[in-house]
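Q: I would like to learn how to read a model like this one, feature by feature. Could you take me through it?

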Amino acid sequence: MESKGNSFDKQHVLQELRHYLPAQAPLKDFVHHNTLHAFQGLNFFEALLESSTIFGYKTALSLKEFRTLFQQRKISRRILERIIIDKKGDSQALIWSNKVHHAQYEETQCPRIGALRNTWKEAYKIDLDSMVHPVLFRILCSYLDQGISIWNFPGEKKSLLDALRELEKNSFTSFFRTQRARALLLDESVTLELLLGLLVGDESLFEQYIFDQQFEHPGWSGMVSTIETNPSTLLDSRNCSLADLIFFECLLEIDVLDNHFGEIWAPISEKMISRPTALFAPVAKTELSDVLQIWQEAYEWTFYDQVLAGISSAKPSDEKIDKSFQAFFCIDDRECSIRRYVEATDERAETVGTPGHFNLDFYFQPEHGKFHTKVCPMPVQPKFLIKETNKASKLKTDVHFNQKTHGLLVGWVLTHTFGFWSALRLFLSVFRPSDSPSAVSAAKHMDKNSILSYENQAENDREGDLQIGYTIPEMTDRLEGLLRSTGIVDHFAPLVYFVGHGASSVNNTHYAGYDCGACSGRPGSVNARVISAIANNPEVRRLLATRGIVIPETTQFCGALHDTSKDEILFYDIEVLDSSHRIAHEKNVATFVKALDLNAQERSRRFMNIDSSMEASKVHQLVKKRTVSLFEPRPELNHATNAICVIGRRELTKAISLDRRSFLNSYDYRIDLDGKLLLGILNAAAPVCGGINLEYYFSRVDNQKLGAGTKLPHNVMGLIGVANGIDGDLRTGLPNQMIEVHDPIRMFIVVEHFPSAVLETIQRNASTYEWFKNEWLKLVVRHPESGAFYVFSDGKFNHYTGFETTVPCLDDVREIPTLGAENLPIYSIKTA
Amino acid sequence: MEKMIVLFIIIPLVGFMISLVVPSRKENVISFVSVSTISLQLIAAIGFSFFWLWNHHHLIDLKEFSVYKATDYDFYIQFYFDRITLVFLLIGVLLTLLITVYSRYYMHRESGYKRFFNVILFFYLGYNIVVFAGNLETLFIGWEILGISSFLLIAFYRDRYLPVKNAVKVFSIYRIGDVGLILAMWLSHHLWLTNISFSRLNDYSLVHEQLSHHTLIGVVISLCVLVSATAKSAQLPFSSWLPRAMEGPTPSSAIFYGSLSVHMGVFILMRTFHFWEHQLSIRFLIGFVGAATSVVATLTARVQSSVKSQIAYASIAQIGLIFIEVAAGWEVFALIHVAGNAFLRTYQLLVSPSVVSYKIREQFYNFVPRSKTIEDSFPKRIENTLYLMSLKEWSLDSLMYQFLWNPLKRFGNKLNFLHFKTVFLIVIPVYVVGIVLLANRSALDPLLVNYLPGIFALIGLVLVMKAFTERTSVRLSWLLVILNHFWIALAISFNEHFDVVHILLYLSGVVLSGTIGFLGIYRLKNQEGKLDMNRFQGHVYEHPKIALVFLLACLGLAGFPITPTFLGEDLIFSHIHENQFFLALFVALSFIMDGLALIRIYARVFLGPHSKTYHQVAKRSS
């Protein structure tokens, strides 16, 4: 069984390792992604079982939690019964029903990962990690540090190993306690295989050993692997590699062992009690995993069924009313409720949903900015650059972050003087929180009055390989794509707003996750301004008309930014509006302001320490205060509770309340019978909505291993990640404060189109199809003519018969804030 | 009006008691109790400060009441108020108030909300007892409370490995500080033949007269106080505990390790200033410790790449300077420095999560490739060496292992032949022999009588060392700690001041807590099957009530002021003669090791990642 042949292929193992390690970027580029992306080639439930067996993750709620949900009637009895019958057949239903409700199972995890390296503890009685980790993390963090330390790692521009060698060679002290490890580092001909030979012995176990070793600190290993793959994610770049990390860690282990036993210890394969199960050996299904799957699906369908009942109560009409204005919002679930309030406040207003980069692909460079920042979806590689000039505001500074306060003598002077100013600041920030330089504010992303170089001036108007601004045809392409994909190609209102969104918070290390996902974790203000300017451009309009979309001269566009935490809105370039539009705009501003008050009030429903029954504007003030309060770990709840994505006309969802749980993408199948535009939408929606949803899902079901735990003790490491205390591993995933109200259910995508067309469409792109085929996203199609629903499973669409036929009705959307802090059912809303 | 200063102890005590009985789901009530307790204290503090300043700010020395009195022994609680008290009172009450209000929102929905405020109030009570203490005995009560509450707050996230490990680590360093204080108490007892109040230290002629006869004792007392101060204020060679203490929620780290707790070492130096002010060598030594620490800590701070450890080392460096100021006798200057440092570091820690967005933004606009630092002008080899040394925190953490814990462990391992049953077979018979010897003391060779107490105390110490290093049996470890107390009692009984009441007083708490602890261990064992000491088992997850009772038993057995044993321990020392230095040392070490062994048992059995993994359990490295 022990093959001693040349079985270890380093490059292959590294590639495998990279595949399974967390792929979370440094904090500044935090973007939601599927935590278990490595298992996406498997069916969702198989992936849950495999990852849990191999890596010891908890991948679903516990049996107890499910059973409690059932008792609380959050899982429907009828749906549960049907799922049992569907899966197990009529004859087995009773037996399985008993298992689901009453059987006891061993839920203890004995993961395969770590079994081999556990031999150090069992057979050698040595706690290797406790002696290796603190040193390793500290060195790694100092090497990667982006600006916390004052005195930086000597030779940080070299590769990790070279920098370490240089330091080791040129000093009177050493990283190591023993001579052999030192010699092995300094001898450049030493290979990783040699070190593993010392530690592991049997070559066929090398791979498993490396997995065990690296998955003892997945945070740091994942970070190194991410930086290695994408070095530009660091402003101050580093040449680090997973191979170097493993090499150095092996050396530290040898050092500890040598120090403890002398150089005579035997490799692990000679002392292990039995050969551990290979990590990726086939995983057998268990009864428990079946039971959990039944519960999970019942939990999901209890909610999905309501959603479908709500949608079927809608009666889309073709009536074209005389619109007062149109507003394009991001599809983001946080914009779900504000759209409802805008429409409720002004019944002639129409809202539209589309990804918040507004079909633009460019890098943005603020004035004085030393770098470009991407403001379109992560996978897109833009070829355009838009620069900001004429910026008025200056960067504000705060001496508390100044490194000089950590110096001896300057610190001495500062503590005697400035220390008392700190006391005052502390007092004010506790009793009267207000904006400060330490706060992140969406509005600061771009100066309101600056000039954007969105128009390309000449062929050689470039910077490096990026073209500055767009040409007229390029602008037209983007505008056309945007309008067609949302189905807004005629009947333009006199004023059309493009509303990007961003968030504000303070003391929030995960701030990038709060901004617009479609803009790579940045506020969407620049995109909103640029797309409005494009749409106002007469040449673009002329060209667009030749392509069949006529924007009347009476229509004007205006960009805006919605701050989702403060619930404030900021309009850009109002001066380009002519006087009649200006008057109309003023009226619309009032609509927005009122809608924002109501929206803030609805959000406050979830904030325990705000009394939501107060007047909306007063509640809004309290909600705003949260975003500048140092002591507020939840400035907003971000995407928590997200569960649905509706791709279709607004009429489907206009008369129902989806409780801020839905992504809403406007789309009109009538102008896209062949599904071409739909494919574009799904190509973006599947990874973006799926990524957000699954990151929330996994952070919720295992907040300790797949999430970041509570954020309250977090310590910032090298500006790239957070850890607990000073010598912990980097924490990946979402902190508890972001997911505690989230219900772990998969994203439910509802598309309005013909099932055959959708089936054909999703198969056109393999990577998009994978999301649906493997059921990481649930897909349902609403037949536009019959109104019937078809659920996608096993590669085809099956007709769905719902349980609920009606949903409860609300007289007025303004009742919502008073309905308590829990998740709400789907309501239909009476329209006046 | 002067009597009012008792209020500053009573208010936090009452607040703490009330907070214990509030149901843990009532977040609002818990935080209301905490905030109003501290607010009340603030009002009282401001009022009293005005009164005191108005009345020519003379010293207040209040002998409150005797806890226990016997012939030539009087344990009394005493309070004291001078400008040092005033400054520490105001810093303490202001920061604690801000932090409690802050945490009211910050801790919302966190499991352990109640525990957090309980511990904050407990800590605050201890802080006030220390600050107002009029003699070393009173101060020591507060000192112990600070130690325990620190442990509980560092291990606040008790279901993870690192917080618990670091909490035990920090607690051990605190215990080293406690040895210093215990020995100082014992020696000053013999120096003055009574409890010495801080007010009498101000009496130059009195101090001078005593010290001129007992120069050596004077120096040793000063050294003991210095060790204590150095440990508590994270000066060399103990500095490495401070950054490791930053495991709790950020506001608790801010107040404990950014400001109040870490300045307690400075406080005790200031408090005893008049005692050592004429010992020039001691003043130089304090200045030297401060200077060395400030240099080393500054270098270390410069290479820190995590924001909290950077602030921690920067703070240690400033405290080093404060040590120099205190040694130089610049009291006012040092007080201002303490206040400024406390405020600055507290605020810096509180805003520390903002450092990401702030610095990234700053870099985005002002990025210049790393500028040269001053170290770049050193020869390369020196620079690298300094860098590496600083990165390794000057090996301070590993030195603790190398010179303290590892030898202890090795020694403990030598006693592996001891098992629960062999203890009954060996140790107890030997003890009986000891008692027989005691009964026939008069018939023994006086020389032997001279040595016996030391020998018995040493046996006790050996036993507790085994308790501290025991890796398998919980009950063995527990039993050894109990036996340790009995051996000490036996040892002391050989001194001619034998007083059966004193011994009973001492052992009553031991027996009570010991029994409760055993019951807890057996109950848990019945339900869980196997307990061991080799790793953390986290049983608090399923058995929070047993954990609480067991913690109280540990505290009782460790001589914490909840049972008469506390008093007994002090009494024991009053019976150790001035010339029995080794006996005193063994007994003091025993007490320290008791505390360590007990906290270790508690931590291993009840804290850390739960041994059952049917629910979410964090990785060990997180």
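Q: What is the mean pLDDT of chain B, and what share of its residues reach 70 or more?
A: This is a predicted model, and chain B has a mean pLDDT of 87, with 98% of its residues at 70 or more. Chain A averages 91, and 99% of its residues score at least 70. For the complex, the predictor gives an ipTM of 0.93 and a pTM of 0.94.

Q: Where in chain A is the pLDDT below 50?
A: Start with the general idea: where pLDDT is low, the predicted coordinates should not be read in detail. Here the stretch is residues 1–5 of chain A, which has five contacts in the model beyond near neighbours in sequence.

Q: How is chain B divided into domains, and which element gives the largest share of the side of domain 1 that touches domain 2?
A: The domain assignment gives domain 1 (2–354) and domain 2 (414–606) of chain B. Their centres, taken over C-alpha atoms, are 28 Å apart. The contact takes 25 residues from domain 1 of chain B and 24 from domain 2 of chain B. On the domain 1 side, the elements that give two or more residues are β1 (60–70), β2 (73–81), α5 (136–154) and α6 of chain B. The largest share, 14 residues, comes from α6(B). The residues on this side divide into 16 nonpolar, three polar and six charged.

Q: And which domains does the assignment give for chain A?
A: Domain 1 (10–23 + 113–271), domain 2 (320–396 + 437–636) and domain 3 (399–431). The centres of domain 1 of chain A and domain 3 of chain A are separated by 39 Å, taken over C-alpha atoms.

Q: Are the residues of helix α10 of chain A mostly covered or uncovered?
A: The general idea is that an α-helix has 3.6 residues a turn, so residues three or four places apart point the same way. In α10(A), residues 206–214, nine of the nine residues are buried. Among them are A:F206, A:E207 and A:D212. The buried residues pack against α1 (10–20), α9 (192–199), α11 (218–229) and α12 (242–261) of chain A.

Q: What is the strand order of the five-stranded open sheet in chain A?
A: The order is β2-β1-β9-β10-β11, with mixed pairing. The edge strands, each pairing on one side only, are β2 (349–353) and β11 (568–571) of chain A. Neighbouring strands are turned by 25° against each other on average, direction ignored. Strand β1(A), residues 325–329, pairs with β2(A) in the parallel sense over five bridges, and A:A327 stands opposite A:T351. Helix α15(A), residues 336–345, packs on the sheet, touching β1, β2 and β10 of chain A, and its direction makes about 165° with that of β2(A). Helix α18(A), residues 525–536, lies across β9 and β10 of chain A, running at about 175° to β10(A).

Q: Which way do the residues of strand β15 of chain A point?
A: In a regular strand the side chains alternate between the two faces of the sheet. Here A:H714 and A:V716 point one way, A:N715 and A:M717 the other way, and all are buried. Strand β15(A) runs antiparallel to β16(A), joined by four bridges, with A:N724 as the bridge partner of A:H714. In the hairpin of these strands, which has three residues between them, A:G718 takes a positive phi near 50°.

Q: Where is A:R73, and is this residue buried or exposed?
A: A:R73 is found in the loop between α3 (63–71) and α4 (77–101) of chain A, and its phi is near 65°, a positive value in a residue other than glycine. A:R73 is exposed, because 9 other C-beta atoms lie within 10 Å.

Notes: Residues numbered from 1 in each chain as written. Chains lettered and ligands numbered in written order. Predicted model: local features only at pLDDT ≥ 70, side-chain atom pairs only at ≥ 80, totals over all residues. pLDDT = per-residue confidence, 0-100. Contact = placed C-beta atoms within 7 Å. Domains from an automatic or database assignment. Buried ≥ 20, exposed ≤ 12 C-beta atoms within 10 Å, placed from the backbone. Pairing = 2+ DSSP bridges. Axes fitted to C-alpha atoms, helices over the stretch in contact; angles between N-to-C directions. Nonpolar A, V, L, I, M, F, W, Y, C, P; charged D, E, K, R; others polar.
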